[in-house]
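Work through the following exercises with the sequence and the model at hand. Each task is followed by a solution in steps.

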Amino acid sequence: MFTFVKEREDIKTFIPQEEIKELLERTKNPDPVRVREIISKSLDKQRLEPEETATLLNVEDKGLLEEIFEAAGKLKKRIYGNRIVLFAPLYIGNYCVNDCVYCGFRISNREIFRKTLSMDEIRKEVESLLEKGHKRLIVVYGEHPMYSPEFIAKTIEVVYSTRVGKSNIRRVNVNAAPQTIEGYRIIKSVGIGTFQIFQETYHYETYKKLHKGPKANFAWRLYGLDRAMMAGIDDVGIGALFGLYDWKFEVMGLLYHTIHLEERFGVGPHTISFPRLKWAVNTPFTENPPYPVSDEDFKKLVAIIRLSVPYTGMILTAREPSELRDEVIKLGVSQIDAGSSIGIGSYSKKDRKVLQKSQFMLGDHRPLDEVIKELMKKGYIPSFCTACYRAGRTGEHFMEFAIPGFVKNFCTPNALFTLKEYLEDFASDETRKIGNELIMKEVEKMDGVIKKKVLEALERIEQGERDVRF
């Protein structure tokens, strides 16, 4: 069910190209009073309007920027608490019919080793991830006819059915090519979590210049998540690849995409991702990107996205080096991948040619246990929680809780339970000691009945029970 759709030039999209440029121009040199008004609105957990986000994007004053950074961290903690959700990417196959100039998987790249995992190889990859302690995955596919909805669904069934001892994968998110409505329904039928599609760039002319093949259809990709929601997938993820065009324009594109989904479906994206363009094998474009994003601008855009969409999950990937990730997490991030490898088949087998099987080069190569330990040292609660998804708290129902700020009350106990599982089954001695101390510190903050129930559940986990959740 791989579909090539010829682009109609008369389709009007929800990304107003000229309006975005006009807003960014008009809001230059913003009044500090106006900036603080916008920050205050965001801290009241209200999604910002395009003019307000454009105003924040134009802040250059270092003092005001510090206020933006501080507010982003404060807002995240108000809504999500101090949890950081952990996951791992699992690349299933890297065949692709597109020829996107920035991508290591492009069809013209003869230095990439092409591979699609068999079902047995998928099991081995998942077993390796389970043995490290993972519970949440995102499965990733190239854009190719062999990666049909039926194939994607079958691979996800294999992931869910694989077990190591008491461990299994509890949530599988998907990053794949845009599908037809019927294709999405097939994929939804196996119980996926979030379906991600990154627009790459929201700037139409840049998009058309950088993409060749089916992916060159700007509108088909832009409306891909509309079709997903029409098919009943109510958790969707959006993203832009920063470095292809002006980063301020891309942030505005992400906001307009959010507004569109809210207006049409009553709920915005479950997550927003903001990867930066990274080096890839035999891909000259990545060595000198036309719109490089500095570390300081990267921190700025992350904080502004958080303030613009207070209730949406934000994903920071292992593309970035560990030191920068530590800084950026403070600015509103709620999810990160850890212990990641993106070479096809590289979890279960050590491979010197992993870069030749990868879409790009990662910046953070720390194992999962080290990431968890470092997060806890900084006071975060590493979480593998999937309780909301399996309790049906998704889409609009999830946002009913997320928007008012109740997520931290729902999620903190469940986060502690999944952390306790990890500590009991997988952690190093040092990580276990730090983790148990953190758990008791968090429990002491709880009141009455909740505290009693949490302590009882933690005891059950110590006695060997697994998948304990409220």
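The model used here is predicted.

**Exercise 1. Helix α18**

Solution: 
- Step 1. For the burial pattern, list the residues of α18 that are buried: Thr 431, Ile 434, Gly 435, Leu 438, Ile 439, Glu 442 and Val 443.

**Exercise 2. Strand β2**

Task: Determine how many residues of strand β2 (residues 136-141) are buried, and find the strands that pair with β2.

Solution: 
- Step 1. A residue is taken as buried when its relative accessible area is under 20%.
- Step 2. Six of the six residues of β2 are buried, so the strand is largely enclosed by the rest of the structure.
- Step 3. In a regular strand, side chains alternate between the two faces of the sheet.
- Step 4. In β2, Arg 136, Ile 138 and Val 140 point one way, while Leu 137, Val 139 and Tyr 141 point the other way; all are buried.
- Step 5. Strand β1 (residues 83-93) pairs with β2 in the parallel sense over five bridges, and Ala 88 has Leu 137 as its bridge partner in β2.
- Step 6. Strand β5 (residues 171-175) also pairs with β2 in the parallel sense, over five bridges; here the bridge partner of Ile 138 is Asn 173.
- Step 7. With helix α5 (residues 119-132) between them in the unit, β1 and β2 form a right-handed β-α-β unit.

**Exercise 3. Strand β9**

Task: Describe the two faces of strand β9 (residues 313-316) and trace its bridges to β8 and β10.

Solution: 
- Step 1. Gly 313 and Ile 315 lie on one side of β9, Met 314 and Leu 316 on the other; all are buried, and both faces are covered.
- Step 2. Strand β8 (residues 271-273) runs parallel to β9 and is joined to it by three bridges. Ser 273 has Ile 315 of β9 as its bridge partner.
- Step 3. Strand β10 (residues 335-337) is parallel to β9 and joined to it by two bridges. Opposite Leu 316 stands Ile 336 of β10.
- Step 4. A right-handed β-α-β unit is made by β8, helix α12 (residues 295-308) and β9.
- Step 5. Strand β9, helix α13 (residues 322-329) and β10 likewise make a right-handed β-α-β unit.

Key:
Residues numbered from 1 in each chain as written. Predicted model: local features only at pLDDT ≥ 70, side-chain atom pairs only at ≥ 80, totals over all residues. Heavy atoms only, no water. Buried < 20%, exposed > 50% of the residue type's maximum accessible area, 1.4 Å probe, protein only. Helix = DSSP H or I, 4+ residues; strand = E, 2+ residues; numbered from the N terminus. Pairing = 2+ DSSP bridges. Right-handed = clockwise from strand over helix to strand, strands pointing away.
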